[in-house]
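The following account leads the reader from the overall fold to the metal site and then to individual residues. The sequence and the model are shown first.

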Amino acid sequence: MKQGIHPKYNSDGIVCTTCGTRWMIGTTRPNLRVEICANCHPFYTGEQRIVDTAGQVDRFMKRLSASQNRQAAIEKQRGSAKPQTPPKKSLLKELYGDDA
Ligand SMILES: [Zn+2]
């Protein structure tokens, strides 16, 4: 092997940050990490679960609850500002009259 032209070979492996498994693979980059591996990916485990390493589910749930609160406030404001309109006739009754 010629000296000075080859990168340093690391055999300390790749670590999965979700399940902590260390995969013993030789690499030229030190401290490689992956977010998901065959040990914890739902396709391989057969479980229906969401692997949330970036906090995307938490962000979505926050946005959803904020949106629902805003919608509830708007509905409350509408309910107090306007009197309730009578319920609409059903489409069948509009088309065929009351005797249908
Ligand atoms: Zn994993």
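This is a predicted model: local features need pLDDT of at least 70, side-chain atom pairs count only at pLDDT 80 or more; totals for chains, interfaces and linings use all residues.

**The zinc site and its surroundings**

The secondary structure of the protein chain consists of three helices and three strands. Read from the N terminus, these elements follow the order β-β-β-α-α-α. Of the 100 residues in the chain, 9% are buried. The chain exposes about 9,100 Å², and carbon and sulfur atoms supply 54% of this area. Among contacts between residues at least 6 apart in sequence, 5% join residues at least 24 apart.

The metal site comes next. The zinc ion has four protein donors, namely the SG atoms of Cys16, Cys19, Cys37 and Cys40, and these lie 2.2 to 2.3 Å from the ion. Along the chain, the donors follow the spacing C-x2-C-x17-C-x2-C. Within this set, Cys19 and Cys37 link distant parts of the chain, being 18 residues apart. Cys19 belongs to the loop between β1 (14-16) and β2 (22-23), whereas Cys37 belongs to the loop between β3 (32-34) and α1 (42-45).

Why is the arrangement of the four donor atoms around the zinc ion tetrahedral? The donor atoms subtend angles of 102 to 118°. Four donors count as tetrahedral if all angles lie between 85 and 135 degrees, so the arrangement around the zinc ion meets this criterion.

Cys37 counts as buried, because its relative accessibility is 8% and the limit is 20%. Cys16 is likewise buried, with a relative accessible area of 1%. The structure holds zero disulfides.

Is Thr21 buried or exposed? Its relative accessible area is 19%, which is under the 20% limit, and Thr21 is therefore buried. Leaving out residues up to four places away in sequence, Thr21 touches Ile14, Val15, Cys16, Cys37 and Asn39. Two of these partners, Cys16 and Cys37, are also donors of the zinc ion. With Asn39, Thr21 forms a polar contact of 3.0 Å between the two side chains.

Which residues does Asn10 contact, leaving aside its neighbours within four places in sequence? They are Ile25, Gly26, Thr27, Thr28, Arg29 and Pro30. The side chain of Asn10 also makes a polar contact of 3.4 Å with the side chain of Lys8.

Pro7 is placed in the segment before β1 as well, but Pro7 counts as exposed, because its relative accessibility is 55% and the limit is 50%. The C-alpha atoms of Pro7 and Thr28 are separated by 6.3 Å, although the two residues are 21 apart along the chain. Thr28 is also one of the contacts of Asn10.

Asn31 is found in the loop between β2 and β3. Its phi is near 55°, a positive value in a residue other than glycine. At 60% relative accessibility, Asn31 counts as exposed.

Methods. Residues are numbered from 1 along each chain as its sequence is written. Side-chain values use heavy atoms; hydrogens and water are left out. Donors are N, O and S atoms within 2.8 Å of the metal (3.2 Å for Na, K and Ca); water is not among the atoms, so sites may look incomplete. Four donors count as tetrahedral if all angles lie between 85 and 135 degrees; four count as square planar and six as octahedral if opposite donors are over 155 degrees apart and all others between 65 and 115; anything else is irregular. Helices (H or I, at least four residues) and strands (E, at least two) are DSSP runs, numbered from the N terminus. Buried means under 20% relative accessible area, exposed over 50%, partly exposed in between (1.4 Å probe, protein chains only). A polar contact is a pair of N or O atoms within 3.5 Å; within protein, one must be able to donate a hydrogen and the other to accept it, and residues adjacent in sequence count only if both atoms are side-chain atoms. Contact means heavy atoms within 4.5 Å. Accessible areas come from the Shrake-Rupley method with a 1.4 Å probe; for residues, only the protein chains shown count as cover. A disulfide is a pair of cysteine sulfur atoms within 2.5 Å.
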